[in-house]
Amino acid sequence: MKSQLKTGAGVILTAIMLFPIYWMINVSFTKDTDMRHDPPHLFPFNGTLEGYRAVLHQQMPYLGTSLLVGLGTVILTVALSAPAGYSLAKLRPRGGGALSFVLLMAQMIPGIIMAMGFYAIYLKLGVLNSAAGLVLADSTIAVPFGVLIFTAFMSGIPSELINAAEIDGAGTFRTFWSVVLPVSRNAVVTVSLFAFLWAWSDFVFATTLDGGGNQQPITLGIYHYIGNNNQQWNAIMATAVIASIPATLLLILAQRYVAAGVTAGAVKD
Amino acid sequence: MTLSSRRGLRAIAALSVAVCLTAACSNDNSSSGDGSTAAGGGTYNIWDPYPQFDDSSDWVKLLAKCGTDAGVTVKRTGYDTTDLTNKALLAAQQGNSPDVLIVDNPVVSTLAEGGVLTTTDDTKVDTSAVEPNLLAAGQQDGKTYGIPIGANTLALYYNKKVLDAAKVDPATVKDWTSLTAALEKVKAAGKKGITFSAIGTEEGSFQFLPWFWGSGAQLTQLDSPQAVSALALWTDWLKKGYAPNSVLNNTQTTSWQEFATGDYAFSENGTWQLANAKKAGFEYGIIPIPSQAGGTAPAPTGGEFVTAPVQTDTKRYATTAKLVACLSSADNALTTDTTLSYVAATSAVQDKQVAANPDLKVWVEAVKAAKGRTSDNLGTKYPKISEPLWGAFQAALSGGKSPADALKAAQTTAASATK
Amino acid sequence: MTVASDLITRAAAAPAAPARAPRRRSPQWAAWLFLAPVVIYLIAFYAYPLYRNLDLSLRHYTVRSFVQGGAPFSGLDNYRTVVDNATFWPALLHTVLFTGISLIFQFAIGMALAVFFAQNFKLSATLRALFLVPWLLPLIVSASTWSWMLNSDSGVVNFALKSVGIDPVNWLTSPSWALTSVIIANVWIGIPFNLVVLYSGLQAIPSEVYEAAALDGATGWQRFWRVTFPLLRPVSAITLLLGLVYTLKVFDIIWIMTKGGPTDSSTTFATWSYKLSFGNLLPQFGPGAAVGNLLIIMALIFGLLYIRLQRRQSL
């Protein structure tokens, strides 16, 4: 296939994949009265900016909280799972296999079950309705995954590298910190990215554990447009559009960073 | 070397726990509810199902003012209404209930059953002015567990232009036969008939009940011939194309959006859509939902109750009672009900509302004819009946079962659940 | 987005298989010190919720005893109630269908796209990044958008069908289509994850392997079946396993789009559990927790199966 042909095909595929996103944007400009128009308006002509006006006035604090929660989750997840991954991959703890299995199982527990249990713990710890509490809860989605990825990656690090560090007199921790961790940059980025995305789009934990108070994430911000008997769909969709901007930026940044790491592996066509 | 490495390790271990601990310390009092602990404290917690109102809204200002009048600070939290029940139960289980809880009326009996709520005797809240049919939703075994902040109910909105084009006079719609005849004419004129919400949740049951009750059926006997005729009415509308297939998945909001396109003749919807109706850009009118034989069908009451959850520290009730009284006082109720587009719960305030806005007259009458879902001392039996009921109309409307079969199955389920 | 070229390749071998290279043994205490944070974390944040859920499922809870305590122990009664319920078998079937079909399509489409995008044509990196945007949307938004598009009367999908002369379909409101509709939406949401992981797996395959295959005269399709696919097996296994984990517990999408209806035609264990505990005015915590636990047991069985398969492979 010619490269241009492939690009053409790629553009078409992407267009199909992103059609629902286009539709969301379309709805974000639609007037309340045209929401269920039959046939639907395919383009937001003669639309309204009402949705965006509402969002810009009300949603900024939620975006900030979401960003904070996302970053906090990333830090906590990496801090917990990188050492564990190293241990499982290289230090051969007795019972490590069982622990890996438990971690895998942990991943399978539906969030809603976790959330109910968390409520009681949080009440006692006093972290209900706080960004910190949400970081803790959101990290439960990502930590088992993180350990899995770190273990996988670190077991691929040549043992000679580690041995060399130890011959130089580095202790276990120092080896981890100044040799293993820097080499594992790709794994760190992967885990961070997943952790961030999961935290960013979490709703179950947010609604159970962070439903009140001033530190609410954007997924709950959206819920404010779903009133008792009334739903402002253009504002909901506008929030989603605006909410995906910072996440997209981050994604592009991470992509660049990672792409650099990957080309080191010299991929040829 | 080893020393430094161990120190570093400890740092990592510390970091992982510290994130939560420091947060716990810094966030403790300000954000978590402290209903049971801060006895003499000046902070009273109020939970409401109106997350759409932020701090600058009249509603939140009213809460703050009531707090100030009672000499305390009010901490208000707005939750999504479907969440509020669980949240209230969880909080009660952990001894962390708010002082004042505003909940949807059919939930009151569930919470009362769970021992979460105080009775109005405990808190000495005066409910004498409230219309009895509205108060009934909050009563169980002779005790009253709250006071309605306002009420809403269902009626039929119609689009004048569509009806004119189909040569239908809304005044002639008096019973089911004339309504169906009107829909037929509308369809013949190339427009769409009626939209409602038949979603498989409580919202769908809420919308079905006026037809169910309007046939003379009782919730204690879901498969009576009357009930079957009510469901057959809906099913036939769908079959003949008088109502869109999307009703199966419609919430009351989506069903309203369909009506707002201007293509539909009728929409079964509530008081709260009045403000939107004015924005819709076409002339509309409102008629009560007809019963099968004619006359106004009893519609279910909607709207929230102000309740006072049980506290370990009973000294708090005195102040709580002041807050409740303030929220339900005539002047404040007028403001609140206007904001929420509700009908007031006392006839004195209802009269004021009609004086200020004659459009509300039909709604006030509809509310007077309305009936609580948990009334007739059904209480917590109601949810066990409502769920099979919505299962039945979903099955019949989606073509899975005939109305009679669907209701028979529902009755079996409901009977065994309420035994 | 392709992270970690060879990392996921190894993920499959990781959990249970011992590391291959012979090495100096670190003291056990150091190994466990590194694990300590995660172990403490697991105990603190997983054990209690799980215990609680188990307890809920073994007692007869009413609203009153949920709040006031003192619910009587009822053994496996809740499980019996659940299994005897008319919803049980349909829900089990739908869970299997929903998970299985979603996985197959997510994986196949993700794989096809990964191979396609691995060819490094003009704009491929940008387009690949765009494919990930669906991932960024809160589920409540993507699910709502889908239910919007699939609306029987004013949805754009039926509009498109109508304009090419096909009869509209009652996507969300007909018992024969509801499950298909939620699967379509779930596949859409799952494609980015599969694309990312499989793409990074592809990047990890050394180009020499392809060159050798090309010298042997392998066509593109043969190259894929004989070279790429076998080499991707470990990555595929982990992708499918994680996919399984995430798909089994999907509930938001189904709940928002169909509420499990009409009449249970798209109910899975996850939505059923939610519906029992939270979907009604009167919560039934006991049976709800029981269904949740059955879901965990299902996941457990799949996890064990996976590990057995893996052991056999590494032998």
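A: Start with one residue. This is a predicted model. Lys124(B) is exposed, because 11 other C-beta atoms lie within 10 Å.

Q: Where does Lys124(B) lie, and what is its phi near?

A: Lys124(B) sits in the loop between α5 (120-123) and α6 (132-135) of chain B. Its phi is near 55 degrees, a positive value in a residue other than glycine.

Q: Arg92(A) has a positive phi as well. Where does Arg92(A) lie?

A: Arg92(A) lies in the loop between α3 (60-91) and α4 (96-106) of chain A. Its phi is near 45 degrees. Arg92(A) counts as partly exposed, because it has 16 other C-beta atoms within 10 Å. The cut-offs are 20 or more for buried and 12 or fewer for exposed.

Q: Now a helix residue. Is Val188(A) buried or exposed?

A: Buried, because 21 other C-beta atoms lie within 10 Å of Val188(A). Val188(A) belongs to helix α9 (residues 185-201) of chain A. From Val188(A) to His224(A) is 36 residues in sequence and 35 Å in space, C-alpha to C-alpha.

Q: Which residues of chain A does the "transmembrane region" annotation cover?

A: The unreviewed UniProt entry gives residues 7-25, 62-86, 98-122, 134-154, 175-200 and 233-254 of chain A. Residues 62-86 are 100% helix, with end C-alpha atoms 36 Å apart. Residues 98-122 are 84% helix and 0% strand, and their ends lie 28 Å apart.

Q: What about the nonpolar core?

A: First the general idea. In soluble globular proteins, nonpolar side chains tend to be buried together. Here the largest nonpolar core has 303 residues. Those with the most contacts inside it are Leu209(A), Leu231(B), Ala392(B) and Phe393(B). The core draws at least three residues from each of domain 1 and domain 2 of chain B.

Q: Leaving aside neighbours within four places in sequence, which residues is Leu231(B) in contact with?

A: Ala392(B), Phe393(B), Ala396(B), Pro403(B), Ala406(B) and Leu407(B).

Q: How is chain B divided into domains?

A: The domain assignment gives domain 1 (43-148 + 304-341) and domain 2 (154-301 + 376-418). Their centres, taken over C-alpha atoms, are 31 Å apart. In the contact between them, 10 residues of domain 1 meet 10 residues of domain 2. On the domain 1 side, helix α4 (residues 105-113) supplies the largest share, five residues. By class that side has four nonpolar, five polar and one charged residues.

Q: And between chains? How many residues of chain C and chain A are in the contact?

A: Chain C contributes 83 residues and chain A contributes 89. Helix α2 (residues 28-58) gives the most to the chain C side, with 17 residues. That side divides into 58 nonpolar, 15 polar and 10 charged residues.

Q: How do I sum up chain C itself?

A: Count elements, then extent, then burial. Chain C has 16 helices and zero strands. Its C-alpha trace spans about 70 × 70 × 30 Å along the principal axes. Of its 315 residues, 56% count as buried. Among its contacts between residues at least 6 apart in sequence, 71% join residues at least 24 apart.

Notes. Residues are numbered from 1 along each chain as its sequence is written. Chains are lettered from A and ligands numbered from 1 in the order in which they are written. This is a predicted model: local features need pLDDT of at least 70, side-chain atom pairs count only at pLDDT 80 or more; totals for chains, interfaces and linings use all residues. UniProt positions are given in the numbering used here, feature names are shortened, and annotations may be inferred rather than shown by experiment. Helices (H or I, at least four residues) and strands (E, at least two) are DSSP runs, numbered from the N terminus. A nonpolar core is a set of buried Ala, Val, Leu, Ile, Met, Phe, Trp, Tyr and Cys residues joined through C-beta atoms within 7 Å. Domain bounds come from an automatic or database domain assignment. Two residues are in contact if their C-beta atoms, placed from the backbone, lie within 7 Å. Ala, Val, Leu, Ile, Met, Phe, Trp, Tyr, Cys and Pro count as nonpolar, Asp, Glu, Lys and Arg as charged, and the others, Gly among them, as polar.
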